[in-house]
Amino acid sequence: MDNIKENVPAKQPKVLSLIQPTAMPTLGNYLGALKNWASMADDYDCLFGVADLHAITVRHDPASLRRQTMEMFALLLSLDLKPDKNIVFIQSHVPAHAELSWILNCYTQFGEASRMTQFKEKSQKHADNVNVGLFTYPTLMAADILLYQTNYVPIGADQKQHLEITRDIAERFNGIYGNVFTVPEPFIGKSGARIMSLQEPNNKMSKTDPNPKASISMLDTPDMIIKKFKSAVTDSEACVKYAEGKDGINNLMAIYSCCTGLDYAAIEQQFEGKGYGDFKLAVAQAVIEHLRPVQEKFNSIIKDKSYLAQCAQNGAQRASYAAHKTLEKVMKKVGFFQIR
Ligand code: TYM
């Protein structure tokens, strides 16, 4: 009996995270989330996906969405996510996400959805298009997570509030119907959880920032990366030290720390007596080396449309199968008439 048990692989905790295909991911997306996805790929049972349903909550161009979804999917396949063991998929290919999201809308209070910071920010930014999808964005995200009985969700700090509402919805539903959903935990890395803009270090680095100098795209060439770091906003102290009021330098130190594994004390020691010029160049080189293997893999697969379509189909089938179990249970619990 014990021998049999030893031969059965232990069930691994479940991990899920998605990214919107609104533009090529930035270094912020990479260090805050994608890098952690790759580090969890071996030890957890993972689902990673492209959140294209979420991407239409703001006005978009259909042709760009199609291209960006494929590029984002190819980028995920270029990270070391172990797609044979884990599931890599596109959200709109699994109808269960939209179905569960409707049900969860009916267990979410108007007041709690109104309190979401991202909703408030996006409503201000897109004042001419405050649509209902923008408002119910968090219940779709809750559906993404709860469908797969997820234990851990690797995200950057900006998504923490959406994880909290997901937990509240899951606990409310479980309180009414028994233990239907696993209540998920956020997984937020110690460094890199909030990478800031290179031009306005008080704002987070964002894919949709109109200033191209503010963010590093994951596909930027070495020359572009060096140029952008050279023009990063710092301060006039000329001292590489992590301290309050030095937002620009703190951000560069966080980036360098994520790419090299060095802690802040070691970085301060390495650059003692050196100017910001040397430090900026070292940060740029570390980022270039970190992104190089991902860029090489991306460039080799992006043109292979049939390979990408085959991977998307495989991901869709495996995710749909996994999602179906929870959706059926939920439908039964809420009392929908079942045919079989
Ligand atoms: P999105 O597409 O805005 O970002 C993807 C991931 O990148 C993280 N991130 C950052 N981390 C550090 N510094 C930054 N400057 C930075 N900018 C972005 C985000 O926290 C995120 O983890 N709603 C989500 C997508 C989503 C999702 C889900 C995530 C849809 N369903 C289910 C987890 C689970 C979003 O818009 O992420």
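The model is predicted, so local features need pLDDT of at least 70 and side-chain atom pairs count only at pLDDT 80 or more, while totals for chains, interfaces and linings use all residues. Residues are numbered from 1 along each chain as its sequence is written, and side-chain values use heavy atoms, with hydrogens and water left out.

**Ligand surroundings**

- The ligand is surrounded by 27 residues, the closest being Tyr137, Asp144, Asp158, Ile195 and Lys207 (a residue counts if one of its heavy atoms lies within 4 Å).
- In the side chain of aspartate 144, an N or O atom is 2.6 Å from a nitrogen atom of the ligand (a polar contact is a pair of N or O atoms within 3.5 Å).
- Backbone N or O atoms also take part: one of methionine 205 lies 3.0 Å from a ligand nitrogen atom, and one of glycine 28 lies 3.2 Å from a ligand nitrogen atom.

**Helices H5 and H9**

- H5 (residues 96–105) and H9 (residues 137–146) have axes that come within 8 Å and cross at roughly 120° (axes are lines fitted to C-alpha atoms over the stretch in contact, with angles from 0 to 180 degrees between N-to-C directions; helices are DSSP runs of H or I with at least four residues, numbered from the N terminus).
- The two are therefore oblique to each other (angles under 35 degrees count as roughly parallel, over 145 as roughly antiparallel, 65 to 115 as roughly perpendicular and the rest as oblique).
- His97, Leu100, Ser101, Leu104 and Asn105 of H5 meet Thr139, Leu140, Ala142, Ala143, Asp144 and Leu146 of H9 (contact means heavy atoms within 4.5 Å).
- Six of these contact residues are nonpolar, four polar and one charged (Ala, Val, Leu, Ile, Met, Phe, Trp, Tyr, Cys and Pro count as nonpolar, Asp, Glu, Lys and Arg as charged, and the others, Gly among them, as polar).

**Helices H2 and H12**

- H2 (residues 27–40) packs with H12 (residues 247–260) at about 45°, their axes 11 Å apart.
- That makes H2 oblique to H12.
- Leu27, Leu31 and Lys35 of H2 make the contact with Ile255, Cys258 and Cys259 of H12.
- This contact has five nonpolar residues, no polar ones and one charged residue.

**Helices H4 and H14**

- Between H4 (residues 62–78) and H14 (residues 276–301), the packing angle is about 125° and the axes are 8 Å apart.
- H4 is therefore oblique to H14.
- On the H4 side, Glu71, Ala74, Leu75, Leu77 and Ser78 meet Val294, Lys297, Phe298 and Ile301 of H14.

Definitions and conventions
Polar contact = N/O pair within 3.5 Å; in protein donor to acceptor, adjacent residues only side chain to side chain.
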